[in-house]
Amino acid sequence: MNAAELAGFLRTRRARVRPVDVGLDGAGRRQTRGLRRAEVAERAGVSLDYYTRLEQGRRLRPSRQVVIALARALHLSDGERNYLLGLAGEAAVPVPMSRTTDASARRLLDQLDAVPAMVLNSRYDILAWNRMLDALVANLAELPARERNTLRWLFTGPATGIGPRDRARLGRRCVADLRGSGRYPDDPGVRRLVAELSRESAEFAELWERHDVGVHRTVTKSMVHPVVGALDLSCEVLAVPDSDQRVMVYTAAPGTGTDRALRGLWARVGEQGG
């Protein structure tokens, strides 16, 4: 288990819960933001001393039952509860970090000709992509492998074409998803990436310290392409079974301006390829 990470996660989750959310009287002055330690301990059925030591990073080993009780007391989501179980050493060992594209993901990518698509691992490395993604973003083959990482684009790179508001929103989602993967701090590659981005981006460092946990699902993204102009895209994320890989596909609602723009972009790709 990772006592320091567990302690930080408990502290930030406790500060997030309002007394009224758990049926407590929130009237009057409270020196503690969120719940008091005693209130969490009572709701979870553990002693105040035991819970205090958990938040202090003492090397205790809470049982699965205690972790689940703490998750209920802190109103954690399913993803946050599973993350807490992982910190306590109760989760399954994750599959190895992908370095090459899964065969089923490669087959799916090969079928997605007319829409931009790419394959990511849980560290947000881009493992494979199609020609439409090149047309939408950049010629990825010309970039060093280290720079083909969407988190680096969002926090230390140009994030070409994305407005500040969308970039910030995507950054929050991706950071929560990275922590929710359960690979930090045990995976050396994820640990190095977090350390690097924390040094180079104050925004990333601040988001990482929030200890938010989430799963990166469908999200909308607005961007301006240098050729076809403004685009309102839906980013569909498809998980690859028994792998840490995801296929991310950019689509548009039929009949919209973005749909027509993507068709025009696909026509240009066909002309260049021919």
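This dialogue reads selected features of a predicted model.

Me: What is the overall make-up of the protein in terms of helices and strands, and what are its dimensions along the principal axes?

Reply: The protein contains twelve helices and five strands. Its C-alpha trace spans about 70 × 40 × 35 Å along the principal axes. The model is a predicted one, and every value discussed here is computed from it.

Me: How much of the protein is buried, and what share of its contacts links residues 24 or more positions apart?

Reply: Burial is read from relative accessible area, with under 20% counting as buried. Of the 274 residues in the protein, 46% are buried. Among contacts with a separation of 6 or more, 59% are between residues 24 or more positions apart. The accessible surface comes to about 14,100 Å², and carbon and sulfur atoms account for 49% of that surface.

Me: How many charged side chains are there, and how far apart are the centres of the two sets?

Reply: There are 43 positive and 33 negative side chains in the protein. The centres of these two sets lie 4 Å apart.

Me: How many aromatic pairs does a search of the whole structure find, and how is the geometry of Phe9 and Tyr83 to be read?

Reply: The search returns four aromatic pairs. A ring pair is read from the distance between centres and the angle between planes, and an angle over 60 degrees counts as edge-to-face. Phe9 and Tyr83 are both buried.

Me: Why is the pair of Phe204 and Trp208 classed as stacked?

Reply: Planes under 30 degrees apart count as stacked. The planes of Phe204 and Trp208 are at 15° and the ring centres are 5.9 Å apart, so the pair is stacked. Both residues lie in helix H11 (residues 202-209), at a spacing of four residues, or about one turn of the helix. Phe204 and Trp208 are both buried.

Me: Which residues do the ring pairs link into a cluster, and which residue lies over the face of Trp208?

Reply: The cluster consists of Phe155, Tyr184, Phe204 and Trp208, linked by ring pairs. Arg179 lies over the face of Trp208, 3.8 Å from the ring centre. Elsewhere in the list of such arrangements, Arg246 lies over the face of Tyr124, at 5.3 Å from the ring centre.

Me: What kind of peptide bond joins Tyr184 and Pro185, and where is Pro185 placed?

Reply: The omega angle is the quantity to read for a peptide bond. Tyr184 and Pro185 are joined by a cis peptide bond, with omega about 5°. Pro185 is in the loop between helix H9 (164-180) and helix H10 (188-200). Tyr184 is also one of the residues in the aromatic cluster.

Me: What are the phi values of His75 and His211, and is each residue buried or partly exposed?

Reply: The backbone angle and the accessibility are read separately. His75 has a positive phi of about 55° although it is not a glycine. His75 lies in the loop between helix H4 (64-73) and H5, and its relative accessibility of 43% makes it partly exposed. For His211, phi is near 60°, again a positive value in a residue other than glycine. His211 is in the loop between H11 and strand S3 (219-225), and it is buried at 7% relative accessible area.

Me: Which residues are in contact with Leu60, leaving aside its neighbours within four places in sequence?

Reply: With those neighbours left aside, Leu60 is in contact with Met1, Tyr50, Arg53 and Leu54.

Terms used: Residues numbered from 1 in each chain as written. Predicted model: local features only at pLDDT ≥ 70, side-chain atom pairs only at ≥ 80, totals over all residues. Heavy atoms only, no water. Phe/Tyr/Trp six-rings, centres within 6.5 Å; stacked < 30°, edge-to-face > 60°. Buried < 20%, exposed > 50% of the residue type's maximum accessible area, 1.4 Å probe, protein only. Helix = DSSP H or I, 4+ residues; strand = E, 2+ residues; numbered from the N terminus. Lys NZ or Arg CZ within 6 Å of the ring centre and 35° of its normal. Contact = heavy atoms within 4.5 Å. Areas by Shrake-Rupley, 256 points an atom, 1.4 Å probe, with all protein chains shown as cover. Lys, Arg positive; Asp, Glu negative; His and termini not counted. Charge placed at Lys NZ, Arg CZ, Asp CG, Glu CD.
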